[in-house]
Amino acid sequence: MRKFTILKIGLGLILILLLFPLTVRAENVYQAQRLEQSHVSLPELYPGQSLEFWVKFKNIGSQYWRGDGNQAVTLRTLNGMKSKFSYSTWYNSYTPNRVNPVLTIEPGGGALFRFRINAPTEPGIKWEKFNLFAGSNIISGGEIEIAIKVLSKTEEISEPEPIPEPEPIPEPEPIPMPEELFWQTIPATINIENQFRWNQLPDGPNIRVGLLFVDSDEKNDYLPFRISSSNQNLYNIYDKNNKLLVRNTSGEIIEVNYNYDTGYYFLNDSDGKRILMTDSYIKLSSDDNNVFEINNWTNGPFWGQNVNDNEFRGNIKIEFNPNTGRLWLINELSLEKYLKGVAEVSDLAPYEFLKAQKIAARTYALFRYLTPKYTNTPNGEPFFTLRSTQADQVYRGYNREMRAPNTSVAVDSTQGIIATYGNEPILAYYFAHSNGSTISSYEANMTARPVAYLQAKLDPPSQEQNMLGHGVGLPQVGGMAAARQGANYSQILKYYYTNIDLVRMY
């Protein structure tokens, strides 16, 4: 009996050992091998000096490497934070380079990343780890550690080693494109009708975003909120009657607390000393150029980045909803500023798609502004316009705006433009990718009745894939593929949203 038990355990272990490597291989579809690099020994630089660095990787996985889209392959700091070697020609402060957006690196192909690194101001040996990423996911084998020696002004630089040139990478064979592309049924002409419904508001109407709710059993984890103006602006604190409670100086932390039993709000100074109490919600008010920081809230990580997105433009409101028993942290700001903090796709996505995505996001937000859904309140008035999660749109605030310069440009270049049907904003649903065809909103149970502009459409870029998302409206992978093939933002939107118009509202 004992021998039989041991035999069963042994067979089980063998099965685990046989199956485990297969599981690992199935998951590691993005893999890399570092082939060569420019500097092997430790280069020496004076503070502020720069040098050129390059590294070459081979694609040894099963996935193609692209330079755009939500799985764009980039070389960036391992921790996702600003690099100590950051140089002005980098894509951003933590991404020295990426795969060229016009290229596709096939399995077995090589990719060269060439960039300059800048010496920090403090002398000493400085080093930093970088890695290849596919979107937010680390690519196994794509790591590299860069080190330099920063000399003091009195030290002499040794004779530098010659920098070798990398072996040339063969030009990939051009991928033949079909004569007829799926989006070419839509005219390339962009027609924008001017309605200017909010022409007195150049940044659009103010919207309210539910950032975070705190249940009574979570109060010790989040309360009191410790809030300050991170860019040192002055701000005022008001109650629900717009009565001025406190005029706060720049950079000073204020504490906001709430008692779930009595319904009172409390304002404390940075040392926790009581300033006042009130039965009214608290509103910290400034303009959209002000940035509030929620100092005790860790809102991260995001897309594999070690970030804390706890800074927000505009106003901050702390209000309890008795119907739900939740205390909410709410951000109020203009629609255009809000869009710069929306993080639904990578900032590396094709620019025409970024514009299409921002028009869709603007349209969805304006639809919810005009057709509220968060009305579970004592008076039936909406508590806020949108949530900051996938329940509506993923919103990360000011830090996302700073990390995503292309997204901000896309917002500015499409300012006030929305998609309409029958002169009203559409319910602009979008999702990750289809399985070759989108689904009508009625068939997907996303609307109570058929909607003319949310009909099923063929989506060739996602053929033979599994559906990712609800399947209604604009598929992001399909839209990015269309942009890479030459479609403009109007063609992308008018293909996936049937018979819509594009209208400028402000």
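Okay, so Ser490: leaving aside neighbours within four places in sequence, it is in contact with Ile186, Thr189, Ile190 and Leu502, where contact means heavy atoms within 4.5 Å. Before I go on, this is a predicted model, so local features need pLDDT of at least 70, side-chain atom pairs count only at pLDDT 80 or more, and totals for chains, interfaces and linings use all residues. Residues are numbered from 1 along each chain as its sequence is written, and side-chain values use heavy atoms, with hydrogens and water left out.

Back to Ser490. This serine lies in helix α8; helices here are DSSP runs of H or I with at least four residues, strands are E runs of at least two, and both are numbered from the N terminus. Is Ser490 buried or exposed? Buried, with a relative accessible area of 0%. The cut-offs: buried is under 20% relative accessible area, exposed is over 50%, and partly exposed sits in between, with a 1.4 Å probe and protein chains only.

Now, what does α8 itself pack against? Helix α4, residues 351-370, packs with α8, residues 489-496, at an angle of about 50 degrees, with the axes 8 Å apart. That makes α4 oblique to α8: under 35 degrees is roughly parallel, over 145 roughly antiparallel, 65 to 115 roughly perpendicular, and the rest oblique. The axes are lines fitted to C-alpha atoms, for helices over the stretch in contact, and the angles run from 0 to 180 degrees between N-to-C directions.

Who meets whom? From α4 you have Glu352, Phe353, Lys355, Ala356, Ile359 and Ala360, and from α8, Tyr489, Ile492 and Leu493. Those divide into 7 nonpolar, no polar and 2 charged. For the classes, Ala, Val, Leu, Ile, Met, Phe, Trp, Tyr, Cys and Pro count as nonpolar, Asp, Glu, Lys and Arg as charged, and the others, Gly among them, as polar.

α4 has another partner, α6, residues 405-413: their axes come within 9 Å and cross at roughly 65 degrees. On the α4 side, Tyr351, Leu354, Lys355, Lys358 and Arg362 meet Asn406, Thr407, Val409, Ala410, Val411 and Ser413 of α6.

Last stop, Gln195, in the loop between β11 (192-194) and β12 (206-214). Gln195 is partly exposed, at 25% relative accessible area. Which residues does it touch, not counting those up to four places away in sequence? Asn423, Val503, Arg504 and Met505. Gln195 and Val503 are 308 residues apart in sequence, yet 6.6 Å apart in space, C-alpha to C-alpha.
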